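Hi everyone, thanks for coming.

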Amino acid sequence: MPLTAAVISGVNNLVLYETRARYFLVGCNNAQTKHRVLKIDRTEPRDLVIIDDKHVYSQQEVRELLGRLELGNRVKMGQKGPSGLSRALTAFGIVGFVRFLEGYYIILITKRRKMADIGGHSIYKIEDTTMIYIPNDSVRVTHPDEARYLRMFQNVDLSSNFYFSYSYDLSHSLQYNLTLLRAPCDSGEVDHLHPSTSTQDSFDIFEDEGLPTQVIHSLRNEPYAKYVWNSRLLERIKDTVHPDWLMYIIHGFCGQSKLLIYGRPVYVTLIARRSSRFAGTRFLKRGANCEGDVANEVETEQIIHDASMMSFTAGSYSAYVQVRGSVPLYWSQDISTMMPKPPIRLDQADPYAHVAALHFDQMLQRFGSPIIILNLVKKREKRKHEKILSEELYPAVTNLNQFLPPQHCIDYIAWDMARYTKSKLCNVLDRLGMIAENVVKRTGFFVNRSDFYCHTLRPDERWGDLAGLVTAHGRIQTGVLRTNCVDCLDRTNTAQFMVGKCALAYQLYALGMIDKPKLQFDTDCVRLFEELYEDHGDTLSLQYGGSQLVHRVKTYRKIAPWTQHSKDIMQTLSRYYSNAFSDADRQDAINLFLQVYQPSETKPHLWELPTDLYLHQSNTMALPQERRSYTYWWSEGLLAHLPVPYDEVPCEKNRKKVAVKRVNRYDESTDMYTEFFRPHELTAFDDTFCMAMTNSAREFMPKSVGLDPSPFTVRKPEETGKSVLGNKFSKEEVVLQRKTAASAPPPPSEEQISSSSEDDSEEDREDDATASQRSTPVKITETGDSVRVQEQDQQNPSRETYGLNPSALPREQDLIIYHRFAHLGQNQHKVERRDQLVDSRKVLENVINLVPVSSFSVDSVYGVVPPLVDVDSRYIFECHIEAGQGLIRSPRREDLLVYREYVRNRYM
């Protein structure tokens with residue numbers, strides 16, 4: 001079976017050229033060997049006319065084409081207007097095309113920044129974009145409300161947490177992408193609509209040599225529309241242009257850090273995909289719509305891979321996916337009253353759990369079974385608020401489970417996290433750790449290779465309890481954890497972190513990095529992972545709630561500094577202000593960007609609508625054509641493949657979503673080596689992404705000598721290279737903090753630490769402040785103490801560098817060891833052979849007896865054994881010598897194949 005590979009987009013760099021009648025968008029790959037041209041008509045005031053001839057141009061052909069356009073568009077003498085062909089700008093991709101009340105705009109990415117690297121596939125963040133009006137000024141039809149719609153559309157900041165990739169499908173999980181590459185490709189599935197090579201490219205100067213052409217299958221699959229944010233913006237050109245022009249973006253979070261395990265690089269990547277359906281802001285989007293899409297739905301995936309091997313086929317990769325989302329019911333909160341917590345109301349009765357059935361049907365198709373719900377809303381309240389949701393969700397799940405087979409039922413775990421944190425005798429993170437252990441064992445995780453031999457040498461009983469599907473190529477995650485509270489922000493992020501921490505331990509154990517699937521707090525590895533999750537939580541909270549996280553993992557561990565309480569108050573006020581005053585404008589901008597609302601002169605403007613309910617609820621505008629069954633509420637064919645996700649089953653329906661082409665093995669559209677290493681460019685190691693990313697050795701590992709450099713060693717706060725509290729102190733403060741920490745009692749264990757809550761009383765907050773002051777640096781202003789600090793500061797650099805003070809005299813024991821070493825060094829050259837000794841008992845005490853290394857008397861301890869050289873190395877050396885003498889040997893078959901592909905890709 002031929003190998004398979006993902007397609008690399010052939011349009012990575014764009015140049016926009018402008019004439020009076022047309023825009024010419026020239027796109028090329030990174031090597032600038034293949035070019036495509038897109039022609040956009042500027043004479044149509046309202047319609048979008050785009051021409052793509054699907055032809056692949058060489059660099060010389062593009063220059064000739066631009067030269068002819070320059071010559072043909074020159075203005076004759078005496079005429080007014082711009083002359084010839086002008087270069088407008090350079091870009092890195094097309095976000096889409098949009099129209100309000102006048103003509104169309106084109107949105108181009110003008111700045112990008114690399115954020116992650118997965119198997120050589122680069123993931124970029126959009127840094128800046130530009131919108132260009134397409135029609136010419138001479139045909140433009142003005143409208144008074146056009147400028148307002150334009151400002152509203154630009155309120156969606158594309159430079160804030162939008163991501164894309166030219167070769168990796170970000171809308172799908174790593175498990176889906178790698179499973180697709182391993183799926184067998186039949187010859188009947190090969191797409192002949194867009195052949196990979198033209199008549200010009202098929203010419204082979206080596207065809208008379210009798211060398212075979214190595215063929216692989218290139219795969220291009222459809223993105224998962226739920227997590228694509230510009231699918232509507234590309235809808236007009238999707239069927240008319242080559243797929244290389246289409247670039248899909250996701251919204252959410254992407255972060256990557258490097259974990260160094262004794263020099264071995266392991267990349268920890270966190271990708272969050274925010275759903276584009278029923279998307280919006282905190283109080284304006286609650287619950288679910290009539291199609292089963294819930295508000296604030298985010299799929300979080302953590303990917304662990306050994307960075308020493310880049311390839312997807314030969315490397316070691318592991319991934320774990322979990323989901324957050326609003327409670328799948330018809331509910332909302334009235335924001336007309338200026339209250340911090342508006343009352344929750346159920347908008348529509350759903351006795352047969354129809355909307356919940358639609359939602360869980362989507363999850364079963366994408367993730368398989370079991371679906372585990374972790375509901376963190378409150379159970380006991382003086383006034384019913386959050387409890388209303390629990391009382392409706394549990395009967396809905398019970399109703400749906402009675403029709404499912406018992407082995408595929410939805411698991412429901414209800415835990416009042418806010419009430420649990422008030423108890424002084426309980427530890428929230430310990431309880432979450434127990435839940436996480438149970439969840440990870442139930443769902444399993446994805447690994448792209450079979451178990452290592454080290455699992456047989458060092459077996460662990462927890463490894464045998466793992467569920468999921470075990471295949472010949474590794475493991476597959478079946479099922480998913482769905483976590484929710486009311487907002488799905490603070491409590492949800494902490495719970496997801498604990499589940500991710502447990503899954504991280506199993507992933508590292510599966511890749512042979514640790515000897516048991518267990519990670520402790522206060523290690524470099526967990527701190528690096530916690531920092532990633534805090535950035536992930538802050539970003540998602542800003543997108544949905546308008547502020548960063550109020551309560552973090554440190555808050556629940558009660559190790560946050562006392563200054564954190566004032567920051568929590570500021571974040572709460574910021575969230576309240578955003579929800580009260582700016583969320584309505586943000587919601588209108590999101591509706592316009594996602595094309596949920598499309599402006600027209602025949603309907604009211606977006607700002608005139610009293611509500612956007614009918615925009616997101618399609619059943620309010622038209623009756624459904626068919627009613628789904630209340631008992632058989634899942635999609636057809638779903639149960640037959642459970643617990644495996646239906647989307648990953650190689651059935652006829654899924655195969656239609658994949659376009660397969662036969663290409664040369666060294667074709668640039670599938671050559672990840674050239675795409676990643678860029679041999680055609682001059683690069684420097686200091687400028688590479690792997691040097692700039694967060695590094696556990698640089699950021700967290702202690703800088704002093706004598707401590708274990710392992711990232712799995714538990715460290716005290718003063719031993720880390722980066723402050724646990726996140727504060728930046730001066731040099732004197734750091735010294736004083738170490739003195740204070742040395743005299744303070746040891747920190748309590750995890751079992752003795754009780755977590756704080758967003759509903760803690762004033763007494764709890766005072767206890768937190770007292771506990772946090774133990775690890776907070778104290779400034780001493782007395783003169784005598786400051787002098788002693790300066791003296792200590794002068795001695796510390798040499799002590800930290802060498803592990804001792806060079807000015808001090810060595811100890812007596814060290815001197816004895818040194819004398820012994822010097823005595824051995826003086827006597828190691830006095831070698832007496834055994835055959836020359838008359839009596840071994842007459843050997844002098846100061847002479848070392850060595851066994852002869854050879855039977856020849858000429859050899860000695862200084863004798864050097866020449867290295868053994870293999871046949872291939874000798875052949876290379878002989879060829880090098882003969883080439884210097886002018887004798888050139890004929891190239892080998894393998895070298896001829898490589899040279900042939902180089903000539904074809906570069907010059908033909």
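Let's start with the largest nonpolar core, which has 55 residues; the ones that touch the most other members are Tyr-320, Leu-432, Val-440, Phe-445, Phe-497, Leu-508 and Leu-519. Before I go on, please keep in mind that this is a predicted model.

So which elements build that core by giving two or more residues to it? On the strand side we have E12 (250-261), E13 (264-274), E14 (298-306) and E18 (371-375). On the helix side there are H7 (428-443), H10 (490-510), H11 (524-544) and H12 (553-557). H10 gives the most to this core, with 12 residues. As background, in soluble globular proteins nonpolar side chains tend to be buried together.

Stay with H10 for a moment, and look at how it sits against H7. Their axes are 8 Å apart, and the two helices pack at an angle of about 55°. That makes H7 and H10 oblique to each other. The crossing of H7 and H10 is right-handed.

Now the cysteines. How many disulfides does the structure hold? The number is 0. Take Cys-485: its closest cysteine sulfur is in Cys-488, and at 5.0 Å that is too far for a bond, because a disulfide needs the two sulfurs within 2.5 Å. Is Cys-485 buried or exposed? Cys-485 is buried, as its relative accessible area is 3%. Cys-290 counts as buried too, at 9% relative accessibility.

E2 (residues 13-18) and E3 (residues 22-28) pair in the antiparallel sense over 6 bridges, and a hairpin of 3 residues joins E2 to E3. If you want to find the pairing on screen, Tyr-17 stands opposite Phe-24 in E3, and Asn-13 has Cys-28 in E3 as its bridge partner.

E3 also pairs with E4 (residues 35-41): the two run antiparallel and are joined by 7 bridges. Here, Val-26 has Val-37 in E4 as its bridge partner. E3 and E4 form a hairpin as well, with 6 residues between them, and Gln-32 in that turn has a positive phi of about 60°. And how enclosed is E3? Of its 7 residues, 6 are buried, so E3 is largely enclosed by the rest of the structure.

There's also an open sheet of 3 strands, in the order E1-E11-E24, and its pairing is mixed. E1 (4-6) and E24 (658-664) stand at the edges with a single partner strand each, so one side of each has no neighbour in the sheet. Neighbouring strands of this sheet are turned by 35° against each other on average, direction ignored. E1 pairs with E11 (residues 215-221) in the parallel sense, over 3 bridges; there, the bridge partner of Ala-5 is Ser-218 in E11.

Last stop, helix H3 (residues 174-182). H3 is mostly covered, with 7 of its 9 residues buried. Those buried residues are Leu-174, Gln-175, Tyr-176, Asn-177, Leu-178, Leu-180 and Leu-181.

How values were computed
Residues numbered from 1 in each chain as written. Predicted model: local features only at pLDDT ≥ 70, side-chain atom pairs only at ≥ 80, totals over all residues. Heavy atoms only, no water. Buried < 20%, exposed > 50% of the residue type's maximum accessible area, 1.4 Å probe, protein only. Core = buried A, V, L, I, M, F, W, Y, C linked by side-chain atoms within 4.5 Å. Helix = DSSP H or I, 4+ residues; strand = E, 2+ residues; numbered from the N terminus. Pairing = 2+ DSSP bridges. Axes fitted to C-alpha atoms, helices over the stretch in contact; angles between N-to-C directions. Parallel < 35°, antiparallel > 145°, perpendicular 65-115°, else oblique. Left-handed = near helix turned anticlockwise from the far one by under 90°.
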